[in-house]
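I opened a new page for a structure I had not looked at before. My plan was to jot down each thing as I looked it up.

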Amino acid sequence: MECISVFDMLKIGIGPSSSHTLGPWRAAERFIGELNAKNVFHSITSIRIEAYGSLALTGKGHATDIALMMGLTGADPVTVPIENIEGIIQKIKELKILRLNNTLELPFDPKLDIVFVREFLPFHANGMIFKATLANGKKIKETYYSIGGGFVVKEERAISKKNIKVFKTFPFPIQNGVELLAACKTEQKSISELVLENERSLRTDAEIDEGLHHIWDTMLGSMYTGCHTEGHLPGGLNVRRRAYDSHLKLIGDHPYSTPEEWLQTIRKTEVKFRSILKWVSCFALSVNEVNASLGRVVTAPTNGSAGVIPAVLMYYMVIENHEASFDHIKQFLLVAGEVGSIFKKGATISAAMGGCQAEIGVSSSMAAAALTELMGGTPEQVLMAAEIAMEHHLGLTCDPIGGLVQIPCIERNSMGAIKAINAAELALDSDPSNAKVPLDKVVNTMWETAKDMSTKYKETSEGGLAVGVYLSDC
């Protein structure tokens, strides 16, 4: 039984990958914390990191080495200025010196001190071993696993013990869909109301609102940035940003100067089915183009799927409800977070473990559920929408060309967002009592599918499009 807050499922971080960028970044920060806790920080003479499995196979394309170095410098992915990252990394490479936690200068050559090992460690595909040598010759070693969505653990038992203790403080401990519906029925509450009560056991109302405001502002900001940034994405595939061109055609010549004014302006544009499809796709593409260029996004539940939830929430605000307020945003994010947590508890949100069904599939499910509640759906219809969205992502592989979160990843966010809206509409027009597949069954099926899936389709770039399309073709 895990305690998973909405702020665990929706985290602000740096792209392009929650598992391969944000996770290693957080692991490096955690290693610093443990060195401080052991009172050996100032005795360190060198640090070496080994990245295993999926981190080794696609780590360079996912900026794992950059994330590790940034984490070791003590920079926070939530607050570090994006424009400073390139300079910090370049300085480390040129001088071969790393300022650990921005305090202790150590000799550090990224080519020698960050080693990518293709073999897999036990427990998870994304394993890292941090090694520190002290002045007295003693060595300290810690192993971490990046398990998806920016979550980092040392070993399953240790993290589970901590989570059980906090989980029991929840007034409504939920493990799966059946328990969620039962609690809603007993308490006569919507899913968002139930989740809010759980969050209140961890934070004040003011802290919850502030956190959700920050999440939405980051989502809106990433959409705005993506829609107003022209050019090509880094990494060597020469992928042209499409959100900019699409946005130019859709927005017309309406004036605006801020993300908030931009949102209001979009509400004045033409509303036809094709236009709606294009807007939703534009929103999703924009976020993941920002993500692919080491920009700041919200893991939802991962970086690779960061565009789905913002796109569907923006759709609600600019198409379905022009009077939408922060209360609607809050409601949407609470429901999305809870549905995502059910998938994390019952299956996985790591593409290295479950393929892209664990990222785009889960994000589409989260968005479908949240939209359904905003559109007046019952808790039963909300979970029906979540099930429909995932059902039609089952078996989706993770096969990024060149190990980059670009092709087919960016487009898949657009597809996931459209499927989420369709799933919500199907659920709203249906009687859940007639549904043949409950949410918990599709969560279990997704996990079984993940276990059956070949490792070459799990974020290793060893199968599918990653080998079917040559870099020379791009």
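This is a predicted model: local features need pLDDT of at least 70, side-chain atom pairs count only at pLDDT 80 or more; totals for chains, interfaces and linings use all residues.

Below are my entries on the annotation, the cavities and the rings.

**Entry 1: empty space.** Rolling a probe the size of a water molecule over the atoms shows where empty space is left. I searched the whole structure and got two cavities of 30 Å³ or more. I went for the largest cavity, which holds about 150 Å³ of space. Which residues lie nearest its centre? I wrote down Gly-304, Glu-359, Cys-398, Val-405 and Cys-409, out of 21 residues that line the cavity. Sorted by class, the lining has nine nonpolar residues, eight polar and four charged.

**Entry 2: ring pairs.** Next I counted aromatic pairs, taking ring centres within 6.5 Å as the cut-off, and the count came to seven. One of the aromatic pairs is Phe-31 with Phe-130, at 5.2 Å centre to centre. The angle between their planes is 35°, and I logged the pair as tilted. Phe-31 is in helix H2 and Phe-130 is in strand S6 (residues 127-134), so this pair ties together parts 99 residues apart in sequence. Buried or exposed, these two? Both Phe-31 and Phe-130 are buried.

Then I turned to Tyr-224 and Trp-262. Their ring centres are 5.5 Å apart and their planes are at 80°, so I put this pair down as edge-to-face. Here too the pair links distant parts of the chain, with Tyr-224 in helix H10 (residues 205-227) and Trp-262 in helix H12 (residues 259-266), 38 residues apart. I checked burial again: Tyr-224 and Trp-262 are both buried. Tyr-224 and Trp-262 also belong to one aromatic cluster, along with Tyr-256, Trp-279 and Phe-283.

**Entry 3: charges over a ring.** Last, I looked at Phe-151. Which charged ends sit over its ring? I found the one from Lys-11, 3.8 Å from the ring centre. The charged end of Lys-344 sits over the ring of Phe-151 as well, 4.5 Å from the centre.

Key. Residues are numbered from 1 along each chain as its sequence is written. Side-chain values use heavy atoms; hydrogens and water are left out. On a 1 Å grid over the protein atoms alone, a cavity is a set of points where a 1.4 Å probe fits but cannot get out, and a pocket is an open set with protein on both sides within 12 Å along at least five of seven lines; lining residues have an atom within 4 Å of a point. Grid points are joined across faces, edges and corners, and a volume is the space filled by probe spheres set on the points. Ala, Val, Leu, Ile, Met, Phe, Trp, Tyr, Cys and Pro count as nonpolar, Asp, Glu, Lys and Arg as charged, and the others, Gly among them, as polar. Rings of Phe, Tyr and Trp (its six-membered ring) pair if their centres lie within 6.5 Å; planes under 30 degrees apart count as stacked, over 60 as edge-to-face and the rest as tilted. Helices (H or I, at least four residues) and strands (E, at least two) are DSSP runs, numbered from the N terminus. Buried means under 20% relative accessible area, exposed over 50%, partly exposed in between (1.4 Å probe, protein chains only). A charge sits over a ring if NZ of Lys or CZ of Arg is within 6 Å of the ring centre and within 35 degrees of the ring normal.
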